[in-house]
Amino acid sequence: MKEFLKDLDKAFENRIRLGIMSALMVNDQLDFNTLKDLLGVTDGNLASHLKSLEKSEYVSFSKSFLERKPNTSYAATAKGKMAFRKHIGAIEKLLL
Amino acid sequence: MEKEKYLNDLSEIRKIMSRSARFISLSGLSGVSTGLIALIGAVLAHQLVFRHHDYLVYEAVPVDLKNLSSLLLIALGTLLLSVVSALWFTGRKSRRENQRVWDNQAQRLLINLLIPLTTGGILCLILLFKGYVGFVPALTLIFYGLALINGSHYTFSHIRYLGIAEILLGLVAFLFIDRSLYLWMLGFGAIQMIYGMLIQRKG
């Protein structure tokens, strides 16, 4: 089996998780609703995929208050960015 | 097949990255319409004011109230109509692409455009009231160019070249101040319209 295939990350096999990471690669942080609109998914769906990315320590979040409403912002961690780059690299090699 | 899935993944990644980081619904027609409005404004200013007075010089000139108010009215009218038409065409394009018009990216773009624009606008108003009418065409070109370059991080990156062109024209307009109104028409009118048509055809 080809060596680079191990860089393909199970966490990014799912379209929504892949989408979340793509958006967080080019934005310092994004809040829940922006991610929801961007990906066109339901609250519950997005929340469960964010949770799983948090579990792999690919995504971190911070809570704050925006006009007195709680607001959660998500950001990609260094570990998450590294894994994402590796994943893309592996896809590119695979497609060569 | 496996490969197909990964190809789709890559195109999805690209789509999400550009949609989440940049405001790409800027309409080409807004470039054309603002260019046209700018041309009309400049012709009006020329016919009503500049044709009869030697205002485009390197010193303060006495501007009477009638000319000052004509210039201010034309400037304000041109600005207002341009903003309204740009927002209208861009809003239409956004809705067609099912994007929210007033999202994060649009806000970031607008704020980054507005910082140099407001600075330049206030500076030009001060100069106008002090009688330095001749500096205004060149300076509006320069500050508009700086605003576009500043905004280019948040929308099509090639808008930066439009910005550079406007700055260069502004500097030339400073050099040939008696011709600066024509250079202004070239920058805000002709080049803006050509750029608008180019992105309209592309997108």
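1. Ground rules first. This is a predicted model, in which local features need pLDDT of at least 70 and side-chain atom pairs count only at pLDDT 80 or more, while totals for chains, interfaces and linings use all residues. Residues are numbered from 1 along each chain as its sequence is written, chains are lettered from A and ligands numbered from 1 in the order in which they are written, and side-chain values use heavy atoms, with hydrogens and water left out.

2. Chain A, overall. Chain A has four helices and three strands (DSSP runs numbered from the N terminus: H or I of at least four residues for helices, E of at least two for strands). Read from the N terminus, the order is α-β-α-α-β-β-α. Along the principal axes, the C-alpha atoms of chain A fill a box of roughly 55 × 25 × 20 Å.

3. Of its 96 residues, 47% count as buried (buried is under 20% relative accessible area, exposed is over 50%, and partly exposed lies in between, with a 1.4 Å probe and protein chains only). Chain A exposes about 5800 Å², and carbon and sulfur atoms supply 53% of that area (areas come from the Shrake-Rupley method with a 1.4 Å probe; for residues, only the protein chains shown count as cover). Among the contacts in chain A with a separation of 6 or more, 56% come from residues 24 or more positions apart (a contact means heavy atoms within 4.5 Å).

4. Helix α1 of chain B. With 20 residues, α1(B) reaches 29 Å from its first C-alpha to its last, close to the 28 Å expected at 1.5 Å a residue (the expected span is 1.5 Å times one less than the number of residues). Which residues of α1(B) are buried? They are Y6(B), D9(B), L10(B), I13(B), I16(B), S20(B) and A21(B). Seen down the helix axis, these buried residues fall within an arc of 135 degrees, so they line one face of α1(B) (the arc is that of the directions from the axis to the C-beta atoms). The face turned away from the buried side carries the exposed residues E4(B) and R14(B).

5. What α1(B) packs against. Its buried residues pack against α1, α2 (32-39) and α4 (78-95) of chain A, together with α4 (104-129) of chain B.

6. A salt bridge between the chains. The structure holds seven salt bridges over all chains (a side-chain nitrogen of Lys or Arg within 4 Å of a carboxyl oxygen of Asp or Glu). One of them joins R15(A) and D9(B), at 2.9 Å from N to O. This pair crosses from helix α1 (residues 15-26) of chain A to helix α1 (residues 2-21) of chain B. D9(B) counts as buried because its relative accessibility is 2%, whereas R15(A), at 37%, counts as partly exposed. A network of salt bridges links R15(A), K5(B) and D9(B).

7. Two pairs within a chain. In chain A, the side chains of K36(A) and D43(A) meet in a salt bridge of 2.8 Å, N to O. K36(A) is partly exposed at 22% relative accessibility, and D43(A) is partly exposed at 43%. In chain B, D178(B) forms a salt bridge with R179(B), where the closest N and O atoms are 4.0 Å apart. D178(B) is partly exposed at 46%, and R179(B) is partly exposed at 47%.

8. Helix α5 of chain B. The 17 residues of α5(B) should span 24 Å at 1.5 Å a residue, and its end C-alpha atoms are 24 Å apart, which agrees. This helix is mostly covered, with 14 of its 17 residues buried. L148(B) lies in α5 (residues 135-151) and is buried, with a relative accessible area of 6%. What does L148(B) contact, leaving aside its neighbours within four places in sequence? Its contacts are L113(B), I159(B), L162(B), G163(B) and E166(B).

9. A nonpolar patch. L36(B), I40(B), L44(B) and L48(B) make a nonpolar surface patch of about 370 Å² (patches use residues with over 30% relative accessible area and no salt bridge, joining like charges within 9 Å and nonpolar side chains, namely Val, Leu, Ile, Met, Phe, Trp and Tyr, within 5 Å). L48(B) sits in helix α2 (residues 28-50) of chain B and counts as partly exposed at 46% relative accessibility.
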